[in-house]
Protein chains: 2
Amino acid sequence: MSDSPVAVRLTEVGPRDGLQNEPETIPTAAKIAFVNALSRTGVEEIEVSSFVSPKWVPQLADAEEVFRGIERVPGVTYCALVPNEKGLERALAAGAEKIHVFTAATETFSRKNTNASVRESLARLRPVVRRAREERLPVRGYVSTAFHCPYEGFVDPERVLPVVEELGAMGVEEISLADTDGRASPPRVRALLDRVLARVPPERVNLHLHDTYGLAIANALVAWAEYGIRSFDASAGGLGGCPFAPGAAGNVATEDLIHALRACGAEVAADPARVVAALQTVIPHLKRPVASRLSRALARGCGPAPTDPAF
Amino acid sequence: MSDSPVAVRLTEVGPRDGLQNEPETIPTAAKIAFVNALSRTGVEEIEVSSFVSPKWVPQLADAEEVFRGIERVPGVTYCALVPNEKGLERALAAGAEKIHVFTAATETFSRKNTNASVRESLARLRPVVRRAREERLPVRGYVSTAFHCPYEGFVDPERVLPVVEELGAMGVEEISLADTDGRASPPRVRALLDRVLARVPPERVNLHLHDTYGLAIANALVAWAEYGIRSFDASAGGLGGCPFAPGAAGNVATEDLIHALRACGAEVAADPARVVAALQTVIPHLKRPVASRLSRALARGCGPAPTDPAF
């Protein structure tokens with residue numbers, strides 16, 4: 001990992017956020033192969049699975065098996081999403097190395113996603129964060145619908161701040177601002193980061209961007225170049241979607257984000273061609289085309305773009 | 001058309017640049033239906049076809065028929081690409097209302113694309129531009145490989161300037177800087193526009209961006225927000241590619257560019273949902289999925305994003 005001020009850390013969320021909404025059941029062996037291949041791409045963190053109830057997300061009912069099956073590569077952090085204390089216990093038993101918890105900026109989404117108000121969901125997270133910290137695991141707190149809510153529309157940044165502050169007060173190491181349905185834009189990114197970074201330093205802020213309308217790359221570049229954000233979620237091939245955000249597309253594609261950041265002078269350790277190669281472990285099970293630009297360019301016989309010699 | 005300083009003019013190049021590289025022959029009737037549907041989307045200009053030799057681009061051998069078959073909507077400018085005087089005479093006879101001529105910033109691409117050096121291609125264009133102006137037709141001069149050449153790599157902006165100046169001296173109204181293989185990036189856009197806009201005012205500059213690596217939207221936003229560029233090419237559905245730029249993807253998708261520009265506060269007359277609808281005239285003939293984000297979002301049952309109330 002580089003200490004350079006332009007170095008970016010990536011959290012590959014393909015195995016969890018990428019797969020959770022897939023209608024086809026992905027075999028556990030394919031998920032394990034996916035994580036193992038991703039472990040060798042150079043990404044810093046992998047969100048391996050989620051310890052939510054299999055009733056809610058049947059695709060990820062095999063979280064324990066996946067954690068048990070993967071080969072851990074030194075230097076890679078294997079993360080798990082957990083909704084509550086029960087999920088945390090499962091994650092701890094499975095050997096998760098970092099915990100992702102989540103709430104939302106808007107009440108309607110919070111109720112649909114967690115069956116709780118924002119305040120209730122924060123109360124539910126408090127003992128989770130405490131216990132994870134007792135176990136010396138770092139915790140990242142996600143704020144869903146931080147830019148726009150599929151039910152309530154655009155979200156005033158002022159509504160996001162108390163949620164960020166509450167998560168910070170609990171002791172989470174990182175805050176992730178999530179563009180759940182892909183409606184963020186450069187002006188919306190600026191408006192939110194202007195306010196959040198007045199309270200939280202940029203090295204503690206992650207962005208989780210979906211690419212429903214094609215603005216995810218532009219949003220990431222604004223956050224990186226203008227605000228010093230150095231941590232991004234992304235999914236190989238742009239896999240993903242959200243069961244509670246109708247129509248939302250996948251996460252920003254890891255390989256395209258790497259290309260974009262490097263083209264602007266960022267240092268990114270992960271190798272985009274390896275990310276596309278890792279994707280092949282799950283592609284046969286998806287039954288739909290992959291949306292990333294680089295995966296298409298490679299399929300057309302175009303090489304991965306070499307780094308701009310200007311940097 | 002708005003006189004607002006944030007209003008953008010779009011040239012829809014789907015029927016020409018979008019279709020020219022398609023391996024399947026598109027029936028003339030489908031092309032005519034495509035142009036007619038695009039005429040009702042609100043785009044300001046449509047590049048209808050190209051009067052190049054059918055030997056070189058067999059897909060566009062029906063340029064005369066397409067021009068004859070379309071219904072012209074007042075307020076829309078119907079453009080034609082022409083390579084030489086013979087092509088211009090055909091375009092004039094067909095009733096083209098604006099002429100697009102092209103050269104390149106790099107020698108290798110120029111030779112592959114036009115079988116002439118850059119200097120020779122400029123000499124070939126001089127009488128074309130003169131004659132078009134005698135006919136009182138506006139002319140736009142394209143500089144291919146203005147950012148990167150598939151054969152020569154990244155292009156020093158200093159190499160682009162003499163080509164821009166030569167085109168200007170011929171009397172073209174507009175210069176289009178073309179990212180032929182989609183390797184431009186925000187820093188490359190800034191480096192080129194810093195120099196070009198020292199010589200040509202922004203209202204005379206158009207950007208023609210391909211989306212091979214997913215940076216086209218970010219590049220367009222930088223040009224719009226930071227440099228006052230108000231004219232962009234785009235193709236419905238992101239159709240396109242270049243026969244002489246191996247692996248290059250299509251143009252930036254019109255509907256995604258409209259969403260991105262509006263999300264940043266630009267005024268764009270064209271309706272993105274109508275652009276996606278217009279695309280249906282040619283989709284059955286393409287035999288491949290369409291790459292645009294908005295067309296996918298609509299297919300998933302997601303509505304076109306309403307304008308951000310912040311603007």
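The model is predicted: local features need pLDDT of at least 70, side-chain atom pairs count only at pLDDT 80 or more, and totals for chains, interfaces and linings use all residues. Residues are numbered from 1 along each chain as its sequence is written, chains are lettered from A and ligands numbered from 1 in the order in which they are written, and side-chain values use heavy atoms, leaving out hydrogens and water.

Start with helix H9 of chain A, residues 216-227. Helices here are DSSP runs of H or I with at least four residues, strands are runs of E with at least two, and both are numbered from the N terminus. H9(A) has 12 residues and reaches 16 Å from first C-alpha to last, close to the 16 Å expected at 1.5 Å a residue. That expected span is 1.5 Å times one less than the number of residues.

H9(A) is mostly covered, with 10 of its 12 residues buried. Buried means under 20% relative accessible area, exposed means over 50%, and partly exposed lies in between (1.4 Å probe, protein chains only). Among the buried residues are A:Ile217, A:Leu221, A:Trp224 and A:Tyr227. After the helix comes A:Gly228, with a positive phi near 70°.

Now turn to A:Arg136. This residue is not a glycine, yet its phi is positive, about 60°. A:Arg136 sits in the loop between helix H6 (118-134) and strand S5 (139-144) of chain A. It is exposed, with a relative accessible area of 76%.

B:Thr145 is buried, at a relative accessible area of 0%.
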